[in-house]
Amino acid sequence: MQLRYNFRVYPTPGQRIALAKAFGCARVVYNDALRVRQDAYEAGERLSDTDVQRRVVTEAKKTEVRAWLSEVASVALVQACQDARAAYRNWFDSMSGKRRGRRVGRPRFRSRKDNRQAIRLTRNGFSLRPNGRLYAAKIGDLDVRWSRDLPSAPSSVTLIKDAAGRYFASFVVNVGPEPLPETDSEVGIDLGLATFAVLSNGKTIESPKFLRRAERKLRKAQQNLSRKQRGSNNRAKARLRVSKAHAKVRDSRTDWAHKNTTALIRDNQAIYVEDLAVSGLARTKLAKSVHDAAWGTFLRMLDGKAVRYGRVVHRIDRWFPSSQTCSECGRVDSKKPLDVREWTCPCGTTHDRDLNAAKNILAAGRAERLNACGETVSLSA
């Protein structure tokens, strides 16, 4: 499987200028490739990938208006063409039904004002020096802060500048499975907002609410930005302060999610969760809290680590009445509003809403996973 390893990079002032040129040229080539494909599609002309690359890179360098493309590494421009090709093919495959998942719209042009700028280099565009420096073609030796060793030789590297003005090198490496020792422990997880997760074994994971805790600081930074004159240097400085505040929230949330998903994968052989409609919940009045909880990121991390470490993450149907079913007798009660945190079943058992749901998720997940046909089954009372 392929993994990404991200490291902070500290370019010199000259290297920042070279990176800015590379970001800009890659963006122009990407937009030109989209435009050429769009014009060819409207005209009914069939163009191969080689034809598109020749027009927007090879022939464009010979023109007066695109002569400056020769100032950056050609490998970055070629990868920009590949990105445009992938975007168009994803769009067509999505329309024809070949691509799974949500519908993908028409590729959009990139802007110089985008918060994130990046270029990708393949093996012939970068190398790792013995002194720990990262050589990038026509940029030079970059100072990388290595927090850990790469498990294998990288196949590509993406140089990134984020909205906060920070630079990163993202390496793609191939790693083999690293199965952990098997354990008998299995757990069901009920995700929430007040408490991030309640486990079927009674443990809870408190919600850190990183965005809520930083709201006051973010609000003051946004107000300070709104008072600055557009196009001024003071506005650029204020925008950078806002971006750094948001980056701190995002980094804290990502670090927290990595630590908790690793602990869950390490301690349990199988993990059962609900297949939540996160995108739908993010359009309700709870949108800010849903985004702050980052359920989607948490579940994606669980899935990826389960594949790597030989664990099982199984998702049950989102319509399964986990909060309405008694985990003791199996009776399905009526729907309950969110303010009902405890309820008593006619069998005499008093349930904590979240813990009961986690137990039902565990039972339903086991029934589905152990069913020989692999289909959803009804739980016995």
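Modeller: Contact here means heavy atoms within 4.5 Å, and helices (H or I, at least four residues) and strands (E, at least two) are DSSP runs numbered from the N terminus. This is a predicted model, in which local features need pLDDT of at least 70 and side-chain atom pairs count only at pLDDT 80 or more, while totals for chains, interfaces and linings use all residues. Residues are numbered from 1 along each chain as its sequence is written, and side-chain values use heavy atoms, without hydrogens or water.

Let's look at helix α5 (residues 215–226) beside helix α6 (residues 233–267). On the α5 side, Leu218, Ala221, Gln222, Asn224 and Leu225 make the contacts. Their partners in α6 are Arg235, Ala238, Arg239, Arg241, Val242, Ala245 and His246. The two axes, lines fitted to C-alpha atoms over the stretch in contact, come within 9 Å and cross at roughly 160°. Angles run from 0 to 180 degrees between N-to-C directions, and over 145 counts as roughly antiparallel; α5 and α6 are therefore roughly antiparallel to each other. Their crossing is left-handed, meaning that the near helix is turned anticlockwise from the far one by less than a right angle.

For context, a separate core of 28 residues includes Val187, Leu211, Leu264 and Ala293. Such a core is a set of buried (under 20% relative accessible area, 1.4 Å probe, protein chains only) Ala, Val, Leu, Ile, Met, Phe, Trp, Tyr and Cys residues joined through side-chain atoms within 4.5 Å. The largest nonpolar core has 49 residues, and helix α1 (residues 13–43) gives its largest share, 12 residues.

Technical notes. Buried means under 20% relative accessible area, exposed over 50%, partly exposed in between (1.4 Å probe, protein chains only). Angles under 35 degrees count as roughly parallel, over 145 as roughly antiparallel, 65 to 115 as roughly perpendicular and the rest as oblique.
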